[in-house]
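Please read the following report alongside the sequence and the coordinates. It goes from the whole chain to single elements.

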Amino acid sequence: MSSHAGPAGSDNRIVAHGFDGTWAQLDGRTTLALPPAGAVLANNNFEAAQAVWAHATGERETLIASPSRIGDDQALELRRSGLAVVRGEQVEPALIDRAPEVGRIWLLTSGSTGRPKQVAHTLESLTTVRGEQPPRTWLCPYATGAYAWWQVVTMSLSLPGQDVLFVEPGQMDSWPQQALDAGVTAASGTPTFWRQALWRSAETVAQLDLRQVTLGGEPVDQSILDRLHEVFPKARVSWIYASSEAGAAIAVHDGRAGFPTAWLDREVNGRPRLSVQDDELIISSQHAAEGMSGAIRTGDHVEVADERVLITGRIASDEINVGGSKASAAKVRAVLLEHPKVAWATVRGRKAPLVGNVVTAQVVLDAPDAVSDADLVAWCAERLPDYAVPRRLRLLPEIPIKETLKSDV
Amino acid sequence: MSTLSRDRVRTMMGEVLSAQGKDLPSDDDTRLNAIGFRSLDFSELALRVEDELDAELNFDAPGLRSVETVSDVLDFIDQLQSA
């Protein structure tokens, strides 16, 4: 055991880009030049873990992101705001002289609504898993510095027994074997991450002795929950709704998509208040980023069915106007995913003459030639109004995935 | 930009219809409502042409015109390709 007087999870094991030790053992292993107020553009999770540990044990102001998230203009803005930009051993100094805002952690929003913006947090506001938890070894495949990444990091820092295997973005093909080797028992990822994992390496993935499977970051549909229950019968399968602005607001463990309507407009001490206005999810949460208190319009579309509130997708990208009739991309996608041979699907509008837009889809099948594109269109035609049936349907050879682990915004 | 021949576009129009279990008659004067070729079908045909050419057509360029027969559809696609 370490005698380090650091966070409660100091002795938890982390595996990150060749490093296999405890958080506390990062002391003396620093390869980074870390100023008191810095934006660390981490090349890998070992560098990111060093920045986390330095922040948790020092008096610092920190932003952590992968280099691909920060362009030259944004790096300059960060320096103008008083943060040095750290790239390995190289430090581009801040352009104003100010004291660090001790304890401040900056996150960048996902950028789905435009240019990434900074959101203010602390280790405390990012820590949403509390209380005694069974010992776990977590898989963390999220992009360095993203809200979901911090969720896993803060859990490991604050709760003894929560070890973490970090997956590098370039290792998305090989993580199942790494996870087996590291004894991973819990894993968190987007629905796209799970679909891709089961599609690419179902046999290896199924060997994992998972006791907790968590989904988030994208709308979670019943078909992926059912599939994960089937592959990991011993696991609790949960989905969470969280964002860098609203914080972790919803956690559902009953294996069903959506959350109970009884949770709407309910005042429970310590819990966020959830409501719906004009089919949009509204959240008031104490885990929200600073400056985001009060009701946050999430921009996410909801639908109520069978006493469940289903989050179906982004309002801005869901509605496809086809000659005056409004098709929901989420509904079309749901119909495609109901097909037993479809592993993944995305739906968009495409500009077209006469009707303005038509519905188009991209689909990945369980196996090549499992079903024809014409059969899939016929499947949709039996279940959707004419205007919502995809008029162009492309079969892709594999599931596309971005660094955010999402494939669709 | 390369263009597709009228014959090729006609074949593609037949494919749009056959996907719905309908046939394209040989007479280009056939009225569209007689064969169940609707606005959405026309849109799909235009997108098929775009995909085959691997180029975007300028859907805003041609003025609104009446598209009532098979021949009108083929004329309109011609017009889109040259806009």
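What percentage of the 409 residues of chain A count as buried? The share is 47%. The model is predicted, and the values here are computed from it.

**Overall form of chain A**

Chain A holds 10 helices and 24 strands. Its C-alpha atoms fill a box of roughly 65 × 45 × 45 Å along the principal axes. A compact globule with 409 residues would have a radius of gyration near 22 Å, and chain A agrees with this because its own value is 22 Å.

Strand S1 of chain A (residues 13-16) runs antiparallel to strand S2 of chain A (residues 19-22), and four bridges join them. Within this pair, A:Val15 has A:Asp20 in S2(A) as its bridge partner. Two residues lie between the strands of the hairpin, and A:His17 takes a positive phi near 50° there.

An open sheet of chain A consists of six strands in the order S6-S5-S3-S4-S7-S8, with mixed pairing. Strand S6 (90-92) and strand S8 (118-121) of chain A are the edges, each pairing on one side only. On average, neighbouring strands of this sheet are turned by 25° against each other, direction ignored. At one end of the order, S7(A) (residues 105-108) and S8(A) pair in the antiparallel sense over four bridges. There, A:Ile105 stands opposite A:His121 in S8(A).

Two helices of chain A pack on the sheet, as the table shows.

| Helix of chain A | Strands of chain A touched | Angle between directions |
|---|---|---|
| H1 (residues 45-57) | S3 (37-41), S4 (61-65) and S7 | about 165° with S4(A) |
| H2 (residues 72-80) | S3, S4, S5 (84-87) and S6 | about 130° with S5(A) |

S3(A) and S4(A) are touched by H1(A) and also by H2(A).

**An annotated span**

An unreviewed UniProt entry places the feature "domain: AMP-binding enzyme C-terminal" at residues 334-404 of chain A. In the model, this span is 23% helix and 35% strand, and its end C-alpha atoms lie 22 Å apart.

**Contact with chain B**

Which chain does chain B touch, and with how many residues? Nine residues of chain B are in contact with 14 residues of chain A. On the side of chain B that touches chain A, six residues are nonpolar, two are polar and one is charged.

Conventions: Residues numbered from 1 in each chain as written. Chains lettered and ligands numbered in written order. Predicted model: local features only at pLDDT ≥ 70, side-chain atom pairs only at ≥ 80, totals over all residues. Pairing = 2+ DSSP bridges. Contact = placed C-beta atoms within 7 Å. Nonpolar A, V, L, I, M, F, W, Y, C, P; charged D, E, K, R; others polar. Axes fitted to C-alpha atoms, helices over the stretch in contact; angles between N-to-C directions. UniProt positions renumbered as here; feature names shortened; annotations may be inferred. Rg over C-alpha atoms; globule rule 2.2 N^0.38 Å. Buried ≥ 20, exposed ≤ 12 C-beta atoms within 10 Å, placed from the backbone.
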